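Subject: Structure handover

Hi,

Here is the structure I promised to pass on. Please load it first; my notes on what turned up follow below.

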Amino acid sequence: MKSDQFRRYGHQLIDQIADYIDHLEDYPVQSHIKPGDIRSQLPPQAPEHSESFDAILSDFENIIMPGITHWQSPNFFGYFPANHSGPSILAELLSAGLGVQGMLWLTSPAATELETHMLDWLIDALGLPSFFKSTESGGGVIQDSASSAVLCALLSARERSSQWQSNHLGIQQHLVAYTSAHAHSSVEKAIRIAGIGSDNLRLIAVDENHAMRADALAHAIKTDQQNGLLPFFVCATIGTTSTTAIDPVNTIGPFCKQHDIWLHIDAALAGSAAICPEFRWLHNDLHYADSYCFNPHKWLLTNFDCDCFYVKQRSNLTQTLGVNPEYLKNTATDTGKVFDYRDWQIPLGRRFRSLKLWFVIRFYGLEGLRSHIRNHVELSQQFSEWIDAHPDFELMAPNPLNLICFRHRSDNIFNQKLLETLNASGECFLTHTQLNKIYALRVCIGGTYTRKQHVQKLWQLIQKTSQTLQTT
Ligand SMILES: *Cc1c(COP(=O)(O)O)cnc(C)c1O
């Protein structure tokens, strides 16, 4: 592609994205195409000859767009949000334009140093313990996802607990890990990948607020120790995926310390809220953590993918994941004075992701990011008051931040039907969870463009739809 062609289509595409953002509400939130509908419109084989860019764009519009679920719609309330924003999109474009691969400090010093600096900025902005700073024993690194973060934490814990001997011994069969029954599925996936085995992951019971029971954890650990097993890893969650429950790190933490167990804290969604002083209590007990992560790509206006992962001892991570083959050796690495982030993650190669954090933080300022969070928390409190005050509905879990779990006071089948009907309308998108076998609807208010009128409209829709369903 010649540069004049790139320029012309580039301008056109930016216009197209801006128009898309302006008209997000015109699209049905969820794509309702059938499985196979997209592929059936694509040629079975790749083209032998060059095609015009106009033809590609036109197929994008006609074939791809109907198969898009509009995550950036202000009426998207499903799962957890995946914020984008202008400065973040532009930084992503710039990163693609540079096309750098930042596996080593040497392969683009700015990519590494900006990342280290952004992760240090966020320590102060979120009130994280200062031992996570690059200027102390710890450090932060951008992972693609919270799933990769927990895997890196788990592997480091595995190595530490085998006194860095696992290269000689193979995987230890007697290691046991713990997390709550409401922890994210990525913990179990990491356990399987790390060769620990799902049977050696204990899913600890939760209390009436769906938070891990510290007494049940202590009991499980003691029992395993008595049976000659080695408890080595606990993952606590600040803001679980089902209900944003908050595990009691203030009691789990000291216990892990006492038994020399690695404590990873997963605050994928909720961590972002700590940018506001009034929500900093979320991070009160983080000084017990060996590692911690949160996702700016969920609720902090930064495009997927961007998970900020911190470790207390960066040597734990680099001893576990460090490699130095001949073809990557260089004098900068040899000095020991630079970070080579390939040693802080699973893959070798890495994107220049800190650029989007830098753009976002500077464009909005911490104050702008705080009001983004505050608006959503306030709207969530309002929404939960409406639910609570209505005789037909009930809240199913506490709502400390921006997720409301609720149900209609009838059976599971009715609630499932309610969700399906709401989503089929195209006017909104919600997801669900199960709490003690009871089907609960989840409304997460955290979209980049979600404002009061969207939440009001959602509440009207929910009331109207449930009334219609009741009379049919
Ligand atoms: C969303 C979420 C994850 C997984 O996030 P990815 O970054 O997509 O891997 C992990 N833990 C919790 C608590 C989450 O809410």
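His210 sits in the loop between S3 and H8. Its phi is positive, about 70°, although His210 is not a glycine. Most residues other than glycine have a negative phi, and most peptide bonds are trans. The peptide bond from Phe304 to Asp305 is cis, with omega near 10°. Asp305 belongs to the loop between helix H10 (296-299) and S7. Keep in mind that this is a predicted model.

**Overall**

The protein chain holds 15 helices and 11 strands. Its C-alpha atoms fill a box of roughly 65 × 65 × 45 Å along the principal axes. Does the radius of gyration agree with that of a compact globule, or disagree? For 472 residues, such a globule would have a value near 23 Å; the protein chain has 24 Å, so the two agree.

Leu175 stands opposite Leu230 in S4.

**The 4-stranded sheet**

Another open sheet has 4 strands, in the order S8-S9-S11-S10. Here the pairing is antiparallel. Strand S8 (393-395) and strand S10 (431-435) form the edges, and each pairs on one side only. Neighbouring strands of this sheet are turned by 40° against each other on average, direction ignored.

S10 pairs with strand S11 (residues 438-444) in the antiparallel sense, over 5 bridges. His432 has Leu441 in S11 as its bridge partner.

As background for both sheets: strands of a sheet pair through backbone hydrogen bonds, either parallel or antiparallel.

**Helix packing**

*H1 and H2.* The axes of helix H1 (residues 3-22) and helix H2 (residues 53-64) come within 12 Å. They cross at roughly 15°. Angles under 35 degrees count as roughly parallel, and H1 and H2 are therefore roughly parallel to each other. Their crossing is right-handed. H1 contributes Tyr9, Gln12, Leu13 and Gln16 to the contact. H2 contributes Phe53, Asp54, Leu57, Phe60 and Glu61. By class, the contact of H1 with H2 has 5 nonpolar, 2 polar and 2 charged residues.

*H8 and H9.* Helix H8 (residues 214-226) and helix H9 (residues 249-258) have axes that come within 9 Å and cross at roughly 20°. H8 and H9 are therefore roughly parallel to each other as well. This crossing is right-handed. On the H8 side, the contact involves Ala214, Leu217, Ala218, Ile221 and Lys222. On the H9 side, the partners are Thr251, Ile252 and Phe255. The contact of H8 with H9 divides into 6 nonpolar residues, 1 polar and 1 charged.

*H5 and H11.* At what angle do helix H5 (residues 146-161) and helix H11 (residues 314-321) pack? The angle is about 90°, with the axes 9 Å apart. That makes H5 roughly perpendicular to H11. Cys152, Leu155, Ser156, Glu159 and Arg160 in H5 meet Asn316, Leu317, Thr320 and Leu321 in H11. The residues of this contact divide into 4 nonpolar, 3 polar and 2 charged.

**Where to start**

Best regards

Methods
Residues numbered from 1 in each chain as written. Predicted model: local features only at pLDDT ≥ 70, side-chain atom pairs only at ≥ 80, totals over all residues. Heavy atoms only, no water. Axes fitted to C-alpha atoms, helices over the stretch in contact; angles between N-to-C directions. Helix = DSSP H or I, 4+ residues; strand = E, 2+ residues; numbered from the N terminus. Parallel < 35°, antiparallel > 145°, perpendicular 65-115°, else oblique. Left-handed = near helix turned anticlockwise from the far one by under 90°. Contact = heavy atoms within 4.5 Å. Nonpolar A, V, L, I, M, F, W, Y, C, P; charged D, E, K, R; others polar. Pairing = 2+ DSSP bridges. Rg over C-alpha atoms; globule rule 2.2 N^0.38 Å.
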